[in-house]
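Please look over the sequence and the model before reading on.

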2 protein chains.
Amino acid sequence: MTVDRGTRPTRRAVPSTRPPGEGLATADAGGAARPVPAATVARLAVYLRVLTTLLDEGRTVVSSEELAAAAGVNSAKLRKDLSHIGSSGVRGVGYEVSRLTAEVEATLGLTQPHAVALVGVGNLGHALAGYGGFAQRGFPVAALFDVDPALVGTEIGGVEVVHASEIPRVCAERGVTIGVVATPARAAQEVCDHLVAAGVRSILNFAPTVLAVPAGVEVRKVDLAVEMQVLSFHVARRHGSVPAAGPVTGTTAPTAPTPREAVTR
Amino acid sequence: MTVDRGTRPTRRAVPSTRPPGEGLATADAGGAARPVPAATVARLAVYLRVLTTLLDEGRTVVSSEELAAAAGVNSAKLRKDLSHIGSSGVRGVGYEVSRLTAEVEATLGLTQPHAVALVGVGNLGHALAGYGGFAQRGFPVAALFDVDPALVGTEIGGVEVVHASEIPRVCAERGVTIGVVATPARAAQEVCDHLVAAGVRSILNFAPTVLAVPAGVEVRKVDLAVEMQVLSFHVARRHGSVPAAGPVTGTTAPTAPTPREAVTR
């Protein structure tokens with residue numbers, strides 16, 4: 001079952017064939033088609049980060065309260081999220097860390113191998129290609145593409161940059177499951193179309209543009225300009241209502257004590 | 001007025017002093033304190049991108065339908081968003097592009113100068129520092145920090161990397177309004193505290209951890225691992241229900257025709 005998950009302008013023009021569970025996705029990891037809300041999927045990834053840290057620390061059990069606090073949600077939401085994947089803690093004890101980790105990993109499809117194709121290796125794309133963080137998290141960059149003759153043939157992190165016209169062949173050969181679009185906005189739609197034609201159904205878009213994709217293709221968007229502009233709004237709001245942040249005398253403590261609930265990995 | 005906007009674990013432990021408008025922020029750009037929902041602020045940034053493109057193309061007027069389609073929202077939502085900042089189009093005509101652009105820019109605080117401090121210039125941080133996209137959008141990187149002796153004293157994009165212990169002095173001197181945290185997770189909270197102590201009230205966090213901040217500090221989060229894992233979920237979902245994306249025969253067209261509603265800049 002493929003379900004629409006929003007931000008796809010094309011879908012609105014098409015007669016709706018959506019099942020009643022719009023906004024839901026289906027976790028098939030356990031064989032049963034249990035609907036998992038889109039927001040839950042994103043939070044599962046956050047819970048997994050916390051769980052991984054706990055595992056590293058040798059912890060065997062975690063309470064829903066602790067897990068929730070570390071993930072920055074309330075514990076009722078956490079319990080509801082985990083019930084979607086069939087995980088329920090033991091009252092008064094909590095969740096078994098290793099078991100819950102495995103369940104979340106299975107739901108997120110992290111037990112299967114992934115291969116990432118990154119298109120556009122100028123500026124941000126080059127940075128992302130050399131970043132190393134994707135491979136570290138189980139998403140190795142298997143293919144790099146660009147159209148710039150100066151870049152095609154060069155290597156970044158041991159992967160050769162191939163001309164974008166080769167996207168269909170190379171993606172099929174290397175079993176690419178996820179495409180990352182880091183081209184200028186004007187090129188992003190064409191690149192996206194090539195990835196989709198090559199069978200890629202999951203796309204992370206860094207280009208500042210809305211991509212139109214057919215049903216069944218999932219697009220996630222990271223727009224750094226939007227993030228900065230939202231922060232700018234909050235700077236402006238403060239300047240309009242409270243005195244601007246002035247020079248600070250020395251290395252003072254934060255203005256309010258903040259409990260260390262953050263979790264590191 | 002400072003209003004809580006979620007994802008701050010610390011706030012939950014504190015007796016609530018929240019005004020009824022939780023989740024709302026205040027646009028002071030026009031002098032009047034009109035509440036602007038957080039989601040609207042993010043969409044304003046997207047509308048601005050579309051408007052800038054239209055301006056570049058020499059367009060003077062845009063209908064709410066066209067602007068909405070290009071931004072990937074429905075036109076009712078667009079009109080409601082714009083009403084929050086006091087902009088209403090003319091029935092049957094639409095919005096004046098230059099005027100609406102100016103109104104959105106003023107609301108987002110883009111008419112005032114910004115200065116960005118980026119902390120952590122290894123891997124992703126280095127990539128972001130050299131990216132160039134921040135300055136292009138009006139957010140010049142004014143300061144770079146790290147603790148690695150091998151990095152302190154080097155230059156990236158013409159800005160010298162300074163030791164993180166200098167955050168308070170340097171941020172105050174250079175009028176830093178926005179901090180970008182690109183450190184490993186274990187260092188992120190301390191860096192965040194230093195930025196806050198230095199008077200920085202807007203933080204973009206790339207570190208895979210939840211930052212605890214005092215009231216009045218806005219944190220936006222970009223977690224690439226979470227984005228990839230959400231995409232992984234969708235790959236797994238498809239593999240469980242539909243045949244895996246296999247080799248594609250040649251450079252076929254996308255599986256479904258997709259109207260070009262995407263907007264480029």
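UniProt positions are given in the numbering used here, and annotations may be inferred rather than shown by experiment. The model is predicted. Under "binding site", an unreviewed UniProt entry lists G120(A), V121(A), G122(A), N123(A), L124(A) and G125(A).

**The annotated site in chain A**

- V121(A) is found in the loop that runs between β5 (116-119) and α6 (124-131) of chain A.
- The relative accessible area of V121(A) is 1%, so this residue is buried, the cut-off being under 20%.
- Apart from neighbours within four places in sequence, the contacts of V121(A) are H126(A), L144(A), F145(A), D146(A), L151(A), I156(A) and V161(A).
- N123(A) also lies in the loop between β5 and α6 of chain A.
- N123(A) has 51% relative accessibility and therefore counts as exposed, for which the cut-off is over 50%.
- With residues up to four places away in sequence set aside, N123(A) touches G130(B) and Y131(B).

**Helix α9 of chain B**

- Buried residues of α9(B) are A185(B), A188(B), Q189(B), V191(B), C192(B), D193(B), L195(B), V196(B) and A197(B).
- Those buried residues are covered by elements of chain B including β5 (116-119), α8 (167-173), β9 (178-181) and β10 (202-205).

Notes: Residues are numbered from 1 along each chain as its sequence is written. Chains are lettered from A and ligands numbered from 1 in the order in which they are written. This is a predicted model: local features need pLDDT of at least 70, side-chain atom pairs count only at pLDDT 80 or more; totals for chains, interfaces and linings use all residues. Side-chain values use heavy atoms; hydrogens and water are left out. Helices (H or I, at least four residues) and strands (E, at least two) are DSSP runs, numbered from the N terminus. Buried means under 20% relative accessible area, exposed over 50%, partly exposed in between (1.4 Å probe, protein chains only). Contact means heavy atoms within 4.5 Å.
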